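Hello,

Here is the structure I promised to pass on to you. Have a look at it first, and then read on for my notes.

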Amino acid sequence: MVARGSDVRPTAGRRSQRRNAVRLAGLGVGGAALLTLLTGCDVGGAVDGFGWPQGGITPQSHRMYDLWIASAIAALAVGVFVWGLIFWCIIRYRKRGDSLPVQTRFNMPMEFLYTIAPVLIVAVLFYYTAIIQTDVDRTSKNPDVTVEVVAFKWNWQFNYRDGVGPDANTVASTLGTTEVIPILVLPTDRTIRFEETSKDVIHSFWVPELLFKRDVFPGSVRNVFEVTRLTTEGAYVGRCAELCGTYHSMMNFELRVVSPAEYDQFLAAKKAGQSTQDALSAIGEDPLATTTEPFKTRRDENNFNKTSATGVGS
């Protein structure tokens, strides 16, 4: 004996499936339209980049930022759609009396949606991630500027090179000290290659506006990356982003982006024997870092065995 509420009416069932298919199609079209509308707006600026740093100064940083924003929008769209289905089912199929609801073996549009849609989403995200990652990691054979970044506990040395690779020559150098923050001077609108190496432990070269955070390894490993150009002049703080020891938090530097003509003048002054501060003053730039300042290392007698008034070590 079958309960009256479980009787299946073929005509009504087909009509219900068509309505469901139309609803799903409408939701899909609406989601696509919403996604198109959102991607045409500065969504990242409205929501603080969904946690991603804004204000990048390289084409690579903008590509990574756009990928992040698009991924966040896609995730939100999927989430809203899934939440909508959940609440729709809660409301539409809530209990209405004691009769058994109509029993359905399957729903082809729904099964097609939750099987194919995740595969398509993952495939699209994988495709764009692979494309942008390959583009960001691409290096050229003859960059306009090559800088060797040398990290050590707990400061930086920037060597301006006449070519690529460990066999190139250093034509000018900037060395940071406890009292003076090292300043890395680079030009706009030129391809810049960074070659990183460490004298002791693993450090990490990080300028937030570059959206690159690259580890600096000791030994014969040279971590290399490039930016096709720097787009905005200015001063940008740089940090070590890898816990490297006692004074890790004090291991800062500054990136100073200038025009190509000013960079050529700065490099010529450095080759002539001027200090980094004098060369910066010669091109009208502040001679000392403006985005950060030296930390007090507290390296005094209080850090060691202080001798008491009686002459006995305490």
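Below is what I found, going from the whole chain to single residues.

**The chain as a whole**

Please keep in mind that this is a predicted model. The chain has six helices and ten strands. Of its 314 residues, 32% are buried. If you take the contacts with a separation of 6 or more, 66% of them are between residues 24 or more positions apart.

Strand β1 (residues 145-152) runs parallel to β5 (residues 192-198), and seven bridges join the two. Within that pair, Thr146 is opposite Arg193 of β5.

A hairpin of two residues connects β1 to β2, and Val150 faces Gln157 of β2. Strand β2 is also antiparallel to β3, with five bridges between them. Gln157 turns up again in that pair, where it stands opposite Leu175 of β3. How much of β2 is covered? Six of its seven residues are buried, so β2 is mostly covered.

**The sheet with β6**

A further open sheet of five strands has the order β4-β10-β9-β6-β7, also with mixed pairing. Strands β4 (183-187) and β7 (212-216) are at its edges; each has a single partner strand, so one side of each lacks a neighbour in the sheet. The twist from one strand to the next averages 25°. In this sheet, β9 (residues 234-240) and β10 (residues 252-258) run antiparallel and are joined by six bridges.

Is His203 buried or exposed? Its relative accessible area is 0%, and the cut-off for buried is under 20%, so His203 is buried. Beyond its neighbours within four places in sequence, His203 contacts Ala151, Phe152, Lys153, Ser198, Arg214, Asp215, Val216, Cys240, Glu242, Cys244 and Met251.

Helix α3 covers residues 59-92. Its 34 residues should span 50 Å at 1.5 Å a residue, and the C-alpha atoms at its ends are 49 Å apart, which agrees. Buried residues of α3 include Pro59, Met64, Leu67, Ile73 and Leu85.

The axes of α3 and α4 (residues 108-136) come within 10 Å and cross at roughly 170°. Because of that angle, the two helices count as roughly antiparallel. On the α3 side, the contact involves Gln60, Arg63, Met64, Leu67, Ser71, Val78, Phe81 and Leu85. Among the residues of α4 that take part are Met110, Leu113, Ile121, Leu125, Tyr128 and Ile132.

Leu67 has a relative accessibility of 18%, which is under the 20% cut-off, so it counts as buried. Apart from neighbours within four places in sequence, Leu67 is in contact with Tyr128, Thr129 and Ile132. Leu67 and Leu125 are 58 residues apart in sequence, yet their C-alpha atoms are 8.8 Å apart in space.

**The cysteines**

How many disulfides does the structure hold? The count is zero. Cys244 is in no disulfide, and its nearest cysteine sulfur belongs to Cys240, 3.9 Å away. The cut-off for a disulfide is 2.5 Å, so that distance is over the limit. Cys244 counts as buried, at 8% relative accessibility. Cys89, by contrast, is partly exposed, with a relative accessible area of 36%.

Best wishes

Note on methods. Residues are numbered from 1 along each chain as its sequence is written. This is a predicted model: local features need pLDDT of at least 70, side-chain atom pairs count only at pLDDT 80 or more; totals for chains, interfaces and linings use all residues. Side-chain values use heavy atoms; hydrogens and water are left out. Buried means under 20% relative accessible area, exposed over 50%, partly exposed in between (1.4 Å probe, protein chains only). Helices (H or I, at least four residues) and strands (E, at least two) are DSSP runs, numbered from the N terminus. Contact means heavy atoms within 4.5 Å. The expected span of a helix is 1.5 Å times one less than its number of residues. Two strands pair if DSSP finds at least two bridges between them. Axes are lines fitted to C-alpha atoms, for helices over the stretch in contact, and angles run from 0 to 180 degrees between N-to-C directions. Angles under 35 degrees count as roughly parallel, over 145 as roughly antiparallel, 65 to 115 as roughly perpendicular and the rest as oblique.
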